Amino acid sequence: MNGLLLLGLSALILVVAYLFYGRYLVKTWGIDPKATTPAVAKEDGTDFVPTNKWSVFAHQFSSIAGAGPVTGPVMAMMFGWLPAFLWVIVGGVFFGAVQDFGALYASVKTEGKSMGQIIEKYIGRKGKKLFFLFCWIFTLIVIAAFADMVAGTFNGISVDGAKLAPNASAASISILYVFVAMAFGLFLKKVKLEGLPKVILGIALIIAMLALGIMFPVYATKTTWIYVVFVYIFFASVTPMWLLKTPRDYLTTFLFIGMIVAAVIGVFVSNPTITTPAFVGFKSASGSYIFPTLFVTIACGAVSGFHSLVSSETSSKLVENEKDMLQVGYGSMLLESLLAILVIVIVGALPNLKASGVLDSTLANMALADTATPFTKFSAGVTGLVAQLGLPQSWGLCIMTMFVSALALTSLDAVARISRMSFQEFFEVEEGQEPSGLVKVLTNKYVSTIISLVCGYLLSLGGYVNIWPLFGSANQLLAAMVLISLAVFLKVTGRKGFMLYIPMVLMFIVTMTALVQAIYGIVMKLFVTGGFVLMVDGLQLVVAILLVALGLMIGFNSGSKLVKEK
């Protein structure tokens, strides 16, 4: 299959989906460009901050485009590139983008309420409590997986003591990103810079950070970096959005788009052919079946419950005009789907890129090694493509390593904030009631952040490879919960929600099947095959059982409300 043709076809499908299906949703549900959004009505300078639509889009895309669009599609290619491609396209257009836009829409229309608060209003307080508990447990899994992933990417010293320059430079650039983003946020707070001047300044800062990071790498072990990462996401969770999160996402988006554009140009120049199998079979070599494995392996890029939390917990508090919601909610998801397709094209064409000389022996050995991770495959492939444009290979490897870490970091700082807010909202008392001393302590933003991060750290000890299958299942179950809740919201408020019924039922069946399989596998380790590790398998078993129980309770609670509501 010609990679350029597949990428072009995908881009055309996604653009058509945005122009027609996205606008159909807007017309069906209704927006009011003259309405006062929560960001304006409740502006507080911390969470509710009216923000330019491109900055909100940058925040949304940067936050949702985590490690998933790279990791999921590559892992799912164990069944062939065609099933992965079809699920990204169908899931992205009719599942993921609808969920992201729906969550943003519902939140903006209900005074910036989070999904849990929306559930309380339209389904009941019990549903809210269950949802926030589910969300909090889910965020711990995300924190654990992505923190371990980032720390591994920043690891500048190999097992034998050799220095890893690309990793160390990527770490250096990431440190610069934090401080430069805060300075940029303070500058924008004082100087109302918009449009082209803001873009030019942002790009100049990125180029300067890349150059300085490559010149002055920071070498440290993975253990050191995991502590640094947790310290960073603590501050990202408690600082005002305008000071760190929003400016960092704005700057990071230029890096993302730059890498995507460079990779696309590289595909145009090299015109690679996808030579990996289109379809391997319904059962992979490892024994996994395409159902439900494919649908929980590819989350970001198709449909991801985490996205709905970003939409309703943060982005809805930044939107300054309702007409911006389609671009922010639906558009950002489709761009992520395009990124997932780009990953499929490049990784699927690695043998061809090696044969044509686009990948030299060093890059080819990296990408095609049996131990190569999805990140390694994608990074080496893009480095080879970008090298065709004249960029030195050493720079390309460093920048791609930075790109990979930035993908995970932007999700990490978002999910740390969401974890803190979910924990706080779980313990909130009803309006008019006086909270007890214990509740006041637990809902303190510093205390709730520390508790969440400590739990996330304990889960991270198992490593992201062990956590990823559980993350995929929990993520997709969260998507099912959100779709059911949105269907109730739309029905209660007199809007059509039939387009959510098939996605919510399919995702619920898929994820429950996957979680039951995960529990069965861990139990077999404990009683039959051996290899059970308490701090790894034990924690995952407890979390998986909790997710199944909470998912069933939330599904029954919300589903019964949907059936009864007239």
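# Pockets, helices and selected residues

Visitor: Where does N271 lie?
Guide: N271 is found in the loop between helix 11 (245–270) and helix 12. Helices are DSSP runs of H or I with at least four residues, strands are runs of E with at least two, and both are numbered from the N terminus. This is a predicted model, in which local features need pLDDT of at least 70 and side-chain atom pairs count only at pLDDT 80 or more, while totals for chains, interfaces and linings use all residues. Residues are numbered from 1 along each chain as its sequence is written, and side-chain values use heavy atoms, with hydrogens and water left out.

Visitor: What is the phi of N271?
Guide: Phi is near 45° for N271, a positive value in a residue other than glycine. N271 counts as partly exposed because its relative accessibility is 36%. Buried means under 20% relative accessible area, exposed means over 50%, and partly exposed lies in between, with a 1.4 Å probe and protein chains only.

Visitor: And what about E111: what is its phi?
Guide: E111 has a phi near 65°, which is again a positive value in a residue other than glycine. E111 sits in the loop between helix 5 (81–109) and helix 6 (115–122). With 51% relative accessibility, E111 counts as exposed.

Visitor: Which helix holds I290, please?
Guide: I290 belongs to helix 12, which covers residues 290–297. I290 is buried, because its relative accessible area is 16%.

Visitor: Which residues does I290 touch?
Guide: Not counting residues up to four places away in sequence, I290 touches F79, P83, F279, F282 and F295. Contact here means heavy atoms within 4.5 Å.

Visitor: How is the peptide bond from F291 to P292 set, cis or trans?
Guide: The bond from F291 to P292 is cis, with omega near 10°. P292 is in helix 12.

Visitor: Which backbone oxygen does the side chain of T293 reach?
Guide: The side chain of T293 reaches the backbone oxygen of Y289 at 2.7 Å. A polar contact is a pair of N or O atoms within 3.5 Å; within protein, one atom must be able to donate a hydrogen and the other to accept it, and residues adjacent in sequence count only if both atoms are side-chain atoms. T293 is likewise placed in helix 12, and its 14% relative accessibility makes T293 count as buried. Apart from neighbours within four places in sequence, T293 is in contact with M78, F79 and S288.

Visitor: Now the pockets. How much space lies in the largest pocket?
Guide: The largest pocket holds about 1300 Å³ of space. On a 1 Å grid over the protein atoms alone, a pocket is an open set of points with protein on both sides within 12 Å along at least five of seven lines, whereas a cavity is a set of points where a 1.4 Å probe fits but cannot get out; lining residues have an atom within 4 Å of a point. Grid points are joined across faces, edges and corners, and a volume is the space filled by probe spheres set on the points.

Visitor: How many residues line the largest pocket, and which lie nearest its centre?
Guide: The lining has 43 residues, of which M75, M78, S286, S288 and T293 lie nearest the centre of the largest pocket. Helix 21 gives the most to this lining, with 7 residues. By type, the lining of the largest pocket divides into 27 nonpolar, 12 polar and 4 charged residues. Ala, Val, Leu, Ile, Met, Phe, Trp, Tyr, Cys and Pro count as nonpolar, Asp, Glu, Lys and Arg as charged, and the others, Gly among them, as polar.

Visitor: And how much space lies in the second largest pocket?
Guide: About 550 Å³ of space lies there. The second largest pocket is lined by 20 residues, of which G152, T153, N167, T373 and T376 lie nearest its centre. Helix 7 supplies the largest share of that lining, 4 residues. The lining of the second largest pocket divides into 9 nonpolar, 9 polar and 2 charged residues.

Visitor: One last topic. Which residues are buried in helix 16?
Guide: L363, A364 and A367 are buried in helix 16. They lie on the same side of helix 16 because they cover an arc of only 100° around the axis, the arc being that of the directions from the helix axis to the C-beta atoms. S361 and N365 are exposed on the other side of helix 16.

Visitor: Which helices do the buried residues of helix 16 pack against?
Guide: They pack against helix 15, helix 17 and helix 18.
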